[in-house]
Structures are given as structure tokens and as C-alpha cells.
Amino acid sequence: MIKIENLHKSYKMGSNSLHVLKGINFSVEEGELVAIMGSSGSGKSTLLNILGMLDGLDEGSYTLDGVPIKDLNETKAANYRNKFLGFVFQSFNLINYKNAMENVALPLYYQKVGRKERQEKALKYLEQVGLKEWATHLPSELSGGQKQRVAIARAMAAEPKVLLADEPTGALDSTTSYEVMDLIQKINDLGNTILVVTHEPDIANMCKRIVHLKDGVIVEDKKVKQVRASEYV
Amino acid sequence: MWLFDKDLWREVFNTLGKNMFRTFLTMLGVIFAMIILMLLLGSANGMSNGFDRLFAGTASNSLFVWSQRTSEPYKGFERGRRISFRIEDASILKEQIPEIDVLAPRIELGSHRDVVTVYRKGRKSGSTVYGDYPEIDNITKKKLVEGRFLNKTDIEDSKKVCVIGEETYKLLFDKGEEAIGQDIRINGVFFRIVGIYKPNDNINIDGENAVFIPFSTFQKAFSSGDRMGWMAIAVNSETPVPIVEAQIKKLLKAKYDIHPDDERAIGSFDMSEIFNNISAFTTVLKGFSFFVGIFTLLAGVIAISNILLITVKERTKEIGVRRALGATPRVVKRQIVMEAIVLTAFAGLIGFAISVGILSGLDALFGQGDEFPFKNPMVSIPQFSISFVLMVGLSVLIGLIPANRAVKIRPIEALREE
């Protein structure tokens with residue numbers, strides 16, 4: 001599903017150049033649930049940004065579902081993001097003047113899906129995350145966990161190839177975190193490929209595979225026995 | 001066609017609707033600008049309409065021709081010879097110069113602007129007395145207070161009737177006294193009053209204190225023979241008056257053996273000159289109003305663009321999210337430009353509605369009286385359309401500034417966690 005070879009990325013900070021990713025080789029099969037771990041500054045967010053086509057790469061190659069991702073202009077990147085990827089952010093990033101259903105329907109709007117179909121699909125995904133009754137509520141009327149579930153529904157709505165979650169539980173207490181992880185595991189059970197960036201070991205252990213990043217290189221890549229989040233809920 | 005994309009409109013209205021107060025404040029600049037533009041244009045129109053009303057009844061494309069004394073000797077005649085037109089000149093001119101629409105000969109009792117004593121039951125007034133054809137009414141319309149003006153039958157039958165001015169009426173009658181059907185005496189001849197007119201206070205050729213009698217009656221009563229004092233001439237609207245004026249003078253000079261270069265023998269006055277001056281004035285006024293108004297409008301639209309720039313900055317994160325969810329730069333741009341258009345158009349319409357109200361109020365206040373040249377101060381549909389289209393066009397151009405700013409925001413920066 002994802003194949004990365006010899007990925008380098010550096011940022012220019014004035015006259016200095018900061019080499020963030022130093023040759024990453026990494027691939028993800030369909031249906032995997034991968035945790036990307038690392039302390040801050042390890043390059044995990046940069047890796048996720050490149051995977052999310054929010055940032056370009058300096059060197060190496062990136063193939064997503066057989067499509068080489070290169071020479072992206074903004075329009076092309078936007079279309080690829082819309083088609084291939086679903087994003088879940090640490091701070092949810094729901095649009096605060098749109099209700100839950102409208103938020104979930106937004107990626108479909110950019111896919112030019114008709115209004116009626118959009119609403120139907122949005123409701124379907126809201127139901128999947130257990131928030132159908134909250135469809136007409138604004139984000140401000142939802143709890144943190146609920147917001148993240150709406151965000152997950154939004155990421156799923158476009159039926160992406162890969163779900164990218166950047167610290168999805170970073171802003172949540174542990175009970176709510178486990179609820180969200182439970183949801184992510186269930187979505188993974190349905191066969192969806194998911195990448196989770198986290199620095200919490202318990203969250204990482206709820207994935208099937210942990211990739212450990214340190215100073216821009218992968219130091220550890222291991223399969224783990226998945227801890228079901230439902231045990232804690 | 002994206003213009004009919006219901007979802008785009010929903011997105012735009014959603015965004016604008018989420019902060020009604022700011023949206024309203026943003027629009028205020030354009031609302032005021034539109035009011036200023038429309039008030040300026042409306043007032044200029046009102047002024048132009050007001051002038052039109054003032055001069056209503058006076059044929060704008062007209063001239064007056066009268067005879068004077070020669071200033072050059074010619075063909076054995078000495079200078080200083082008094083020229084006197086003959087009544088046949090009227091038909092000659094009409095025949096030879098097809099551009100003449102109406103030609104009304106006139107004769108005055110005594111010399112020009114001389115007053116004649118008019119008597120009635122022991123009262124008297126010093127009035128000017130004119131022998132006229134009814135056609136004069138097509139050139140300088142008399143506002144009749146009572147009765148009628150001279151007509152064809154009066155001429156044909158040489159009736160001893162007259163139309164008097166309001167001032168003459170005041171001198172000869174008591175206040176409120178019935179004048180129609182009463183007789184007045186001029187040089188021993190009695191005339192029956194058939195009408196009273198009110199002077200036109202703006203273009204006043206005849207004076208307020210005047211008596212009009214039929215030309216034919218004048219000839220008989222005062223033995224004027226075939227003399228004619230002056231001519232009021234209306235020229236068809238396509239021909240400039242000076243051209244006809246020159247033709248007339250040339251013809252008359254030849255007929256009366258006047259030196260071709262003698263400028264003083266025949267006097268004339270071109271009415272169209274006044275009208276041209278006034279219409280030039282109102283045109284300049286309108287142009288100036290439009291100019292000022294459009295720039296005010298530009299300032300208003302720029303204010304909208306400014307606020308949108310701030311909004312874009314505030315919405316950095318939202319725009320970033322939209323981009324991450326697959327919004328292409330084009331879509332983001334389009335939405336912000338649409339916001340600019342909707343704000344401007346809506347504000348423009350509100351401003352237009354308010355200014356129509358104000359203009360109606362102004363019309364009610366000043367539009368009725370005769371004194372002030374102001375009437376029906378409304379903006380014409382083309383004026384409004386041009387302003388509106390221009391305004392929306394500007395908003396598109398200026399909306400592109402915040403739109404481009406929004407597109408420049410890279411999603412990765414917008415989404416960076418603090």
C-alpha cells in the first residue's frame with residue numbers, strides 16, 4: 001500500500017540546514033495498523049506530513065497504492081489527498097461553524113459528490129462512530145472524544161486508502177483515548193490501513209506494528225501483539 | 001457551471017453567516033459608498049430634471065430675430081437706416097428654409113419694450129402690447145391661469161380679444177375680480193379678455209405686464225400695415241440653430257439691401273445656447289458625481305478586501321483543514337472571491353435601497369416647489385446597472401488579493417500544532 005525508499009528531508013533554517021529524515025525505508029501493507037513512535041524531533045511528524053502529501057520530499061521515492069507520488073503541484077496534491085488519504089489530527093480540526101454531519105460531508109463535497117448522497121454517507125459514518133444522534137450538533141456542543149470520533153468519521157467518509165492519525169489521542173484523557181483507539185481498531189478490523197503517530201507506548205501497543213524513529217532513522221520496526229482497547233473501556 | 005453550484009453558495013453563506021456582526025461592519029463601507037454614489041447621481045439627475053422643468057414650454061431649439069438699424073452703408077443707402085420686416089418675410093423664410101418648424105411673427109405697439117397705457121374703468125397700467133400668432137405658444141408656452149390663449153379663429157376673424165399677464169391683471173382689477181369677458185382699452189380700441197397668463201420666471205421673454213392680441217387684429221386696430229416687429233422661430237431638433245440663424249440673416253440681408261458684413265442691422269438671440277450651457281453643466285455635474293462616487297465605491301470594496309484578508313488570516317487553520325481534506329487551490333480561491341462578490345453585491349443593494357429612500361424624501365421636500373431646480377432625483381437604470389456591474393467587477397479583482405493569500409497558506413503550516 002505504502003512504499004518508501006531512501007527518503008531524505010531537510011529544512012533550511014537560515015543558513016543552516018536541518019536534516020530531519022535521513023534515509024527512511026519503510027512499507028505498509030494493506031490492512032495494517034502501524035504506530036509511528038518517537039520523541040519530539042525524531043522526524044515522525046515530518047514523515048507523516050510527507051506521507052500525507054502536505055510536504056514534499058527531497059530525495060527518495062514514495063509510492064502510494066501503486067501510484068508514484070512525485071512532482072506534485074498543489075492541485076494535484078489536493079486531489080490525491082482527497083482520493084487516497086484520510087486525516088485525523090490531534091486537535092480534531094473540525095470546522096466550528098459546521099455541524100457534525102456537515103463536517104463529515106466536507107471531503108465528499110470536494111469529491112463533488114451530490115448533496116443528498118453526501119448527507120447519507122455522512123450519516124452512515126457518524127452511525128459507525130456512534131454519533132448519529134449528534135449529527136446536527138456543532139463541534140462546540142461535543143466532548144473531546146466525540147469531536148475526535150466525528151473527525152475519524154470525516155476521515156473515513158471519503159473512503160481513503162490510508163488513514164493518517166497524528167497524535168489522535170494527544171488531547172484526550174486516557175479513558176477517552178481508549179475509546180478512540182477502540183474505534184480505530186474496529187475500523188482497522190474492517191480492513192482499513194491506518195498509520196498512527198504517537199509518543200504514548202500504551203497507544204502504540206494497541207497497534208499491530210510499531211515503527212520507532214530516532215534522529216531521522218528507523219531504529220526499530222517490530223510486529224506486536226495487539227492490545228485491544230476494548231479491554232480498558 | 002460553478003456559478004449555479006448550490007453547495008458553493010451554501011458554503012459562502014455559511015461562512016459569512018457565522019459572524020453576522022462582522023459581516024455587517026464589513027459591508028458598511030460599501031453601503032455608504034453606494035449611498036454616496038447614488039445620492040450624487042440622483043441629485044445631479046434631480047438638478048437636470050429640475051432645469052428641464054424650469055424651461056418646460058420653451059422650445060430649446062429656437063431663436064428670435066428682430067430688425068435694428070444698419071451700421072454699414074450699402075447700395076447707396078446710408079448707415080443708420082432703420083430696417084423694418086414685412087409680414088411676407090415670414091412666408092418667404094418658411095418657404096426657403098425647410099429646417100424651420102414654426103415661425104411666429106410678432107409686432108409690438110410702439111418701439112421695442114415701450115409701454116402703452118391700457119385703461120379699464122378708470123384704472124390704467126403701462127403694459128407692452130403684442131400682436132401675435134397662436135403659434136408663438138409652441139415656442140414660449142404661456143402658463144395660463146385662467147381662460148385660453150389666442151387661437152386660429154381669433155386671427156381669421158381679427159377678433160378683438162386679448163390675453164393679459166398676471167401683473168397687468170393686478171393693476172387693472174381688484175383681487176379676486178373676474179377678468180375673463182371684461183374689456184380693456186388700448187389706444188381707444190376695446191379688447192375683451194379671454195385669458196390670463198402667469199409669467200414663466202425663468203425664461204421671460206414677454207415680461208409680466210403684457211397684453212397679447214391677435215396679429216391680424218393688431219394690423220387693423222393700430223394700422224400697422226404689413227410691418228412685422230420680430231420673429232420667434234423654432235428649428236427642427238436635428239439642425240443646429242446657428243446654421244439656420246445664418247441662413248435667415250443672409251436671406252433677409254439680401255432682401256433689405258443690407259451690407260453682408262453688417263452685424264447690427266438684424267438682431268437675433270439663440271435660445272439653444274442657454275440650453276446647451278445648462279446641459280453641459282449638468283453633464284459635467286453627472287460625470288463628476290459618477291467619478292467621485294466610483295472612487296468612494298472603490299474605497300469601500302478595498303475595505304471589504306482588507307477585512308477578508310484579516311478573515312483569511314484568522315481562518316488559516318480552517319483553510320488548512322479544507323486543503324488537507326482535498327480542497328484544491330482553485331476551490332479555496334473561488335470561495336473567497338465569491339465571498340467578496342456576495343458581500344459587495346449585497347451591501348450595494350442595501351445601499352441602493354437606502355439611497356432610493358433618501359432620494360424620495362428629498363423629492364418630497366424640494367421636488368415640488370418652482371423655486372429650486374430639483375425634481376425627481378432618481379438614478380436611471382443604466383446608471384445603476386453600470387455602477388453595480390463596475391462594483392461587482394471591482395470586488396472580483398480585489399477579492400483576488402485575499403484569495404491569493406489564502407492559497408499561499410500551505411496546509412502543513414496551517415495545521416502545525418502549537
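## Chains A and B: a question-and-answer tour

In this predicted model, 3 bridges link strand 3 of chain B to strand 5 (residues 123-132) of chain B, and the two strands run antiparallel.

Student: How many bridges join strand 3 of chain B to strand 12 of chain B?
Tutor: Strand 12 covers residues 230-235 of chain B and runs antiparallel to strand 3. One pair to look for is A104(B), which stands opposite A232(B) in strand 12. The number of bridges joining strand 3 to strand 12 is 6.

Student: How many of the 9 residues of strand 3 of chain B are buried?
Tutor: Strand 3 takes in residues 100-108 of chain B, and it is mostly covered. A residue is buried if 20 or more other C-beta atoms lie within 10 Å of its own. In strand 3 of chain B, the number of buried residues is 7.

Student: Which helix of chain B gives the largest share of the side that touches chain A?
Tutor: Let's start with the whole contact, which takes 19 residues from chain B and 23 residues from chain A. On the chain B side, helix 1, helix 9, helix 10 and helix 12 each supply at least two residues. The largest share is 5 residues, and it comes from helix 9 of chain B.

Student: Is S40(A) buried or exposed?
Tutor: Find S40(A) in the loop between strand 3 and helix 1 of chain A. Because S40(A) has 8 C-beta neighbours inside 10 Å, it counts as exposed.

Student: Which element of chain B has the lowest mean pLDDT?
Tutor: Chain B has a mean pLDDT of 84, with 95% of its residues at 70 or more. Among its elements, strand 7 (residues 161-165) has the highest mean, 90. The lowest mean, 77, belongs to helix 12 (residues 411-415) of chain B.

Technical notes:
Residues are numbered from 1 along each chain as its sequence is written. Chains are lettered from A and ligands numbered from 1 in the order in which they are written. This is a predicted model: local features need pLDDT of at least 70, side-chain atom pairs count only at pLDDT 80 or more; totals for chains, interfaces and linings use all residues. pLDDT is the predictor's confidence in each residue, from 0 to 100. Helices (H or I, at least four residues) and strands (E, at least two) are DSSP runs, numbered from the N terminus. A residue is buried if 20 or more other C-beta atoms lie within 10 Å of its own, exposed if 12 or fewer, and partly exposed in between; C-beta atoms are placed from the backbone. Two strands pair if DSSP finds at least two bridges between them. Two residues are in contact if their C-beta atoms, placed from the backbone, lie within 7 Å.
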